[in-house]
Amino acid sequence: MVKKNTCIFISGYGSNLKYLINNSRNENFPIKISLVVSNNKKAKGILHAKKNSIPYLIIDTKKRNFENIVLRELRKYKISLICLAGYMKIISKKFLNSYGKMIINIHPSLLPKFRGLNTFKRVLKSKEKKTGCTVHFVNEKLDGGIKIIQKSFFINKKDNEEIIKKKTQKLEHRAFSEAIIKIFRYN
Ligand code: GRF
């Protein structure tokens, strides 16, 4: 199997990145993680790239030409899939068009419910029965592209924000890899 060169964008902890790296070691998993991009030089997730000798790029999104720098690296590593794994910046329309290949994102809610930030707080406040995570294609609308996979669980009365976050992230770690397998199943 020829693995697709993949770039993971992160901003923080990088637990999704860690699981993707582990799964990508399996010869039947369709991607190779060839590059990690972080907009935060202090992101803990960068350590996973370092430990696994994966090239990484730290970007300064305040710089006007940062997207061109990223695009150049994506071309250099022949990247055909970008996974946004806790990347806290919006992908611009210009970037989407210039890159022209697949970008997927993981979001900690059952989209289209609770797009955007502070998801867990809003889920609790609106007294949802269920919540979960969604992996979806990225388009110009925030958390708005076509769904690839969704995983859910029932909320217990005692669940607080912290517990919901833990349960959601546990599902995310499986959902991201399953979504990637689904995308490449027939390729
Ligand atoms: C995840 O919950 C993801 O859904 C959200 O940011 C979080 C990132 O977690 N977009 P991690 O950095 O992968 O641990």
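What is the volume of the second largest cavity?

Guide: About 30 Å³. This is a predicted model, and the value is computed from it. The lining of that cavity consists of Leu110, Lys113, Phe114, Val123, Glu128, Lys130 and Thr131. By class, that gives three nonpolar, one polar and three charged residues.

The structure has two cavities of 30 Å³ or more. The largest cavity has a volume of about 60 Å³. Around the largest cavity stand Phe9, Phe66, Glu67, Val70, Tyr87, Ile90, Ile91, Ser92 and Phe95. Seven of these lining residues are nonpolar, one is polar and one is charged. Helix H3 contributes the most to this lining, with three residues.

That makes H3 worth a look. The helix spans residues 66-76, and its buried residues are Phe66, Glu67, Val70, Leu71, Glu73 and Leu74. Viewed down the helix axis, these buried residues fall within an arc of 165 degrees, so they line one face of H3. The general rule is simple: an α-helix has 3.6 residues a turn, so residues three or four places apart point the same way. On the other side of H3, Arg72, Arg75 and Lys76 are exposed. After H3 comes Lys78, with a positive phi near 50 degrees.

Next, the open space. The largest pocket holds about 930 Å³. It is lined by 36 residues. Gly86, Tyr87, Met88, Pro108 and Leu117 lie nearest its centre. Elements giving two or more residues to this lining are helix H1 (15-24), strand S5 (102-107), helix H5 (119-125) and helix H6 (161-184). H6 has the largest share, four residues. By class, the pocket lining has 14 nonpolar, 14 polar and eight charged residues.

One residue links two of these spaces.

Technical notes:
Residues numbered from 1 in each chain as written. Predicted model: local features only at pLDDT ≥ 70, side-chain atom pairs only at ≥ 80, totals over all residues. Heavy atoms only, no water. 1 Å grid on protein atoms, 1.4 Å probe; cavity = no way out; pocket = protein on both sides within 12 Å on 5 of 7 lines; lining within 4 Å. Points joined across faces, edges and corners; volume = space filled by probe spheres on them. Nonpolar A, V, L, I, M, F, W, Y, C, P; charged D, E, K, R; others polar. Buried < 20%, exposed > 50% of the residue type's maximum accessible area, 1.4 Å probe, protein only. Arc of directions from axis to C-beta.
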